[in-house]
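Here are my notebook entries on a structure that is new to me.

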Amino acid sequence: MGLMDNGLKYGLVTRILHWGMALLLLWQLGAVIAGEVLGETSFTDAIGSTHKPVGLLLFILAVVRAVWGLLNLSRRPRAHTGLIGKMAVAGHVVLYSLLLFVPSVALIRQYGSGRPFEAFGLTIMPGGHDKIEWMTKLGGDWHGELAWMLLAMIVLHLGMALFHQFVWKDDTFKRMA
Ligand code: HEM
Ligand code: HEM
C-alpha cells in the first residue's frame with residue numbers, strides 16, 4: 001500500500017489519519033456522553049480531564065488531514081459519479097469543516113478566558129491577560145452545538161458506510177479498511 005491515495009484506494013497516511021481520529025473522537029464524545037449520563041464521579045472526572053489535550057490533538061490532526069486531503073485531491077477514490085457522488089463529497093466537506101471548527105472555537109474561547117492552558121507538559125497559552133468577551137462568547141455559543149452536529153454527521157457517515165457494505169455490496173469499505 002502506498003503512502004498516498006492512488007485513485008482506487010486510500011493510502012496509508014489517509015487511513016492512519018481516518019482511523020486514528022475516529023478512535024480519538026470516540027473517546028472524546030464517549031467521555032462527554034458518559035459524563036452526562038453518569039453525572040460527576042471520579043471515573044467521569046478522570047476521563048473528562050483528557051478533554052482539552054485530546055481536543056488539541058484532534059485540532060492538530062484535523063489541520064494535517066485537511067492539508068493531506070488537498071495534496072491528494074486528484075487521487076481520492078470516487079464511489080459514485082453524478083448526484084450521489086456530489087452528495088458524498090459535500091458530506092465529507094461538512095465533516096472536515098466541523099473537525100476544524102469544533103476545536104478551533106474551543107481554543108479561541110480558552111485563549112479569550114485569559115487563563116493559562118497547559119497540555120502534554122507544554123504551556124500552550126500563558127494566559128494572564130484580561131478576559132476577551134467575544135472570544136469566550138464564540139466558544140460558549142458554538143462549541144457544544146457544533147460538536148453535537150459533528151456526532152450526528154458521524155452517525156450518518158457510519159450509516160452510509162454500512163449501507164455501502166451490506167445493501168449496495170460494493171468495495172467502498174475495503175478501500176479505507
Ligand atoms: C474535536 C475536538 C472536540 C470535540 C469533539 C469536543 C466535544 C465537546 C462536547 C460534545 C462538549 C459538550 C457540549 C454540551 O454539553 O452541550 C464539549 C464541552 C466542552 N469542551 Fe470540547 N470538544 C473538543 C475540543 C475541545 C478543546 C480543544 C477544548 C479546549 C481547549 C474543549 C473544551 C471544552 C469545554 C471547556 C467544554 C464545556 C463547556 C461547553 O459545553 O462548551 N473542547 N466538548
Ligand atoms: C465509525 C466508524 C467509521 C467507519 C466505518 C468509516 C468508514 C469510512 C469509509 C468506508 C470511507 C471511504 C468512503 C469513500 O471512499 O467514499 C470513509 C471516508 C471518510 N471518513 Fe469515515 N468512517 C468512520 C468514522 C469516521 C469519523 C469518526 C470521521 C470524522 C469525522 C470520518 C470521516 C471521513 C472522511 C472525511 C472521509 C473521506 C476520506 C477522507 O478525507 O479521509 N469517518 N469512512
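Entry 1. Which backbone oxygen lies 3.2 Å from a polar atom of the side chain of His129? I looked it up in this predicted model, and the backbone oxygen is that of Tyr111.

Entry 2. Next I noted the ground rules. Residues are numbered from 1 along each chain as its sequence is written, and chains are lettered from A and ligands numbered from 1 in the order in which they are written. Local features need pLDDT of at least 70, side-chain atom pairs count only at pLDDT 80 or more, totals for chains, interfaces and linings use all residues, and side-chain values use heavy atoms, with hydrogens and water left out.

Entry 3. I stayed with His129 and found it in the loop between β2 (122-125) and α5 (133-168); helices (H or I, at least four residues) and strands (E, at least two) are DSSP runs, numbered from the N terminus. Leaving aside neighbours within four places in sequence, His129 is in contact (heavy atoms within 4.5 Å) with Tyr111, Gly112 and Gly114. I also checked Leu146, 17 residues along the chain from His129, and their C-alpha atoms are separated by 27 Å.

Entry 4. Then I turned to two helices. I read that α1 (residues 12-38) and α3 (residues 51-71) pack at an angle of about 150°, with axes 10 Å apart; axes are lines fitted to C-alpha atoms, for helices over the stretch in contact, and angles run from 0 to 180 degrees between N-to-C directions. I noted that the contact includes Leu17 and Trp27 of α1, and Leu58 and Trp68 of α3.

Methods
Polar contact = N/O pair within 3.5 Å; in protein donor to acceptor, adjacent residues only side chain to side chain.
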